[in-house]
Amino acid sequence: MNISDIQASKTAEISIPVDASDLPPPIKPDAEQETLRARLESFNFFYADGTQAIKNVDMPILDRKVTAIIGPSGCGKSTLLRSLNRMHDLYPGNRYEGRIILEPEGENLIGPAANPVLVRLRIGMVFQKPNPFPKSIYENVAAGLRVRGVKNRTVIDETVESALRRAAVWDETKDKLHGSAYDLSGGQQQRLCIARALASNPEILLLDEPTSALDPIATAKIEDLVQELSKSVTIVIVTHNMQQAARISHRTAFMYLGDLIEFGETDQIFKAPRHPRTENYITGRYG
Amino acid sequence: MTVTTEGNLGTPAKTGKTAFKAERAAKRKDLIFAVGGLVVMAIAMTLLLTLIGDLVIRGLARVDYDFLTNFPSRKAARAGILSAWVGSLLVMLVTAFLAIPVGVAAGLYLEEYAKKGKLANIIEINVANLAGVPSIIYGLLALGLFVYGMNLGKTVLVAGMTLALLILPIIIVSTREAVRSIPRIIKEGAYGLGADQWQVMWNYIIPAARPGILTGAIVGLSRAIGETAPIITIGALTFIAFLPPPPVTGEFPFISFEWLNAPFTVLPIQMFNWVSRPQADFHTNAAAAGVVLMMLTLSLNGIAIWIRFRLRKAHRN
């Protein structure tokens, strides 16, 4: 499959704005019905200076579920997240090893044939600090469509509205769509960034500590939003905040110094951790 | 337990008498530095204001409509700067047209595309050094290369090309600075949407860097407009009593580039010419031309500040 094919298929796909209500009903939370969206196999990551930030991680990412990655600072959780959409490719000398398989196609995102730009077209990302572009609210949400070459005004209008609605920021922005995104509050900006990522209908949405720069009320809104979105999109979230992981995720991965110490159902991780390190961390003994 | 830190922005923390002494010594040092700085600044400002004041007092009265619309003349009272300011304007036009696109492209390439390595370092050092090369060297280069080597003659085009070379490093360096100052999270946000390098550069980096790029371009142009040495070196005429052919003509195709090949003079050269005459009246003319030149430079800088202010407001973060 070459670049133009994938871009064409992306364009075709997003030319039909998808609203949460249009999607097939979420899969029942029965363990048997869970489908795999992606999996990491013997995944290693090395920074340009040679330090190994991720050590031999195997981990599944379930379809339309929230997977939380927790762990103390420097444990590699953000590094892992940023590997999923090849952000490390922006800086020279970094190295991936192993496989990150995107299901159901079985495509290896870090294989020699994978193009980082195409990976990022399929896997959206929201960053730690709200980073709206210095443009209008409308143009921020439309940015992903413009990148994909969508020109049709009606399609863009509709997608912008549905993305803002899905990100629960439509009511606050509908009257000032053409005003600067910088006039929004931090929490609104972050939801705008989520809308921006949703507008291009990502297969997986990566959230890198999305609430660490926000106040408790804005944080609560984002958490509600993440739970709502998980009905329609696969989410991987990195968080410093254990309560947050416990509240909003279905699966939790605990990382420590680049190792994946424990992975399991969130309830199990927080109520009956199997590994002593996990227990120490969630009971606040370090981290 | 020992604590070692490097760099201490406050006064050293001590107790009792030593603390008092240390604090007083630190305050004294601050005071000496502040007074010293003030004196140096006052000297610089006085010199500058004296120069400007002298020029304005001697020349301002001479600046009138006739002065701006007359050609140079052997009679000081009838001499004007028409050919000089038109020449300056046309040369600036060529310079801007050549230096800005090339300089901005080079800056963007070096910052965003070039592989960081030995070659990039060599280029970086060279660009920085080029900014410090005396302007007459550029004049000599242009004389050898453009005037004789390429046989282009002593024309508006050659002057524009020479000054473009001269200000290229300024534009390259300021473009790179502007690109470097764009927050990483903005770039990562754009890449995170799946934008490729070209889209990121075109839709995110260039708009965000525009204030810095424009400022650099205008600072470069205001340097070029005052340059004399390289223009004299390539052989600009000092006495021109005609204008270059107009760029718009009455006949098809209505646009003419003949003016590029016209001989020319520029304001600093006109000034230089008048200053070297023995008659005092011509010195007044020189001062008046100086006032015009200075006003041009100041208004260019004013535009630069205004653009920066406007775009910063639009791009405020």
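In chain B, 76% of the contacts between residues at least 6 apart in sequence join residues at least 24 apart; two residues are in contact if their C-beta atoms, placed from the backbone, lie within 7 Å. The structure is a predicted model, in which local features need pLDDT of at least 70, side-chain atom pairs count only at pLDDT 80 or more, and totals for chains, interfaces and linings use all residues. Residues are numbered from 1 along each chain as its sequence is written, while chains are lettered from A and ligands numbered from 1 in the order in which they are written.

Chain B contains 11 helices and zero strands, giving the sequence pattern α-α-α-α-α-α-α-α-α-α-α. Helices (H or I, at least four residues) and strands (E, at least two) are DSSP runs, numbered from the N terminus. Of the 317 residues in chain B, 36% are buried. A residue is buried if 20 or more other C-beta atoms lie within 10 Å of its own, exposed if 12 or fewer, and partly exposed in between, with C-beta atoms placed from the backbone.

## Chain A: helices and strands

Chain A has 11 helices and 10 strands. Buried residues account for 47% of its 287 residues. Among contacts in chain A between residues at least 6 apart in sequence, 70% link residues at least 24 apart.

Strand β1 (residues 36-46) of chain A runs antiparallel to strand β2 (residues 52-62) of chain A, and seven bridges join them; two strands pair if DSSP finds at least two bridges between them. In this pairing, A:F43 stands opposite A:V57 of β2(A). The two strands β1(A) and β2(A) form a hairpin with five residues between them, and A:G50 in the turn has a positive phi of about 95°. β1(A) also pairs with strand β4 (residues 95-102) of chain A, in the antiparallel sense and over seven bridges. There, A:F45 faces A:Y96 of β4(A).

## Nonpolar core

The largest nonpolar core has 146 residues, and those with the most contacts inside it are A:A195, B:I167 and B:A289. Helix α6 (residues 156-180) of chain B gives the most to this core, with 17 residues. Such a core is a set of buried Ala, Val, Leu, Ile, Met, Phe, Trp, Tyr and Cys residues joined through C-beta atoms within 7 Å.

Not counting residues up to four places away in sequence, B:I167 touches B:T95, B:A99, B:G220, B:L221, B:R223 and B:A224.

## Contact between the chains

In the complex, 18 residues of chain A are in contact with 17 residues of chain B. On the side of chain A that touches chain B, the elements giving two or more residues are α3 (116-122) and α4 (137-147) of chain A. The residues of that side divide into 12 nonpolar, four polar and two charged. Here Ala, Val, Leu, Ile, Met, Phe, Trp, Tyr, Cys and Pro count as nonpolar, Asp, Glu, Lys and Arg as charged, and the others, Gly among them, as polar.

## Confidence

The predictor gives the complex an ipTM of 0.81 and a pTM of 0.75. Mean pLDDT, the predictor's confidence in each residue from 0 to 100, is 85 for chain A, where 87% of residues reach 70 or more. Chain B averages 82, and 86% of its residues score at least 70.

Among the elements of chain A, helix α1 (residues 3-14) has the lowest mean pLDDT (45) and strand β8 (residues 234-238) the highest (94). pLDDT stays under 50 over residues 1-18 of chain A, for which the model has 26 contacts beyond four places in sequence. Where pLDDT is low, the predicted coordinates should not be read in detail.
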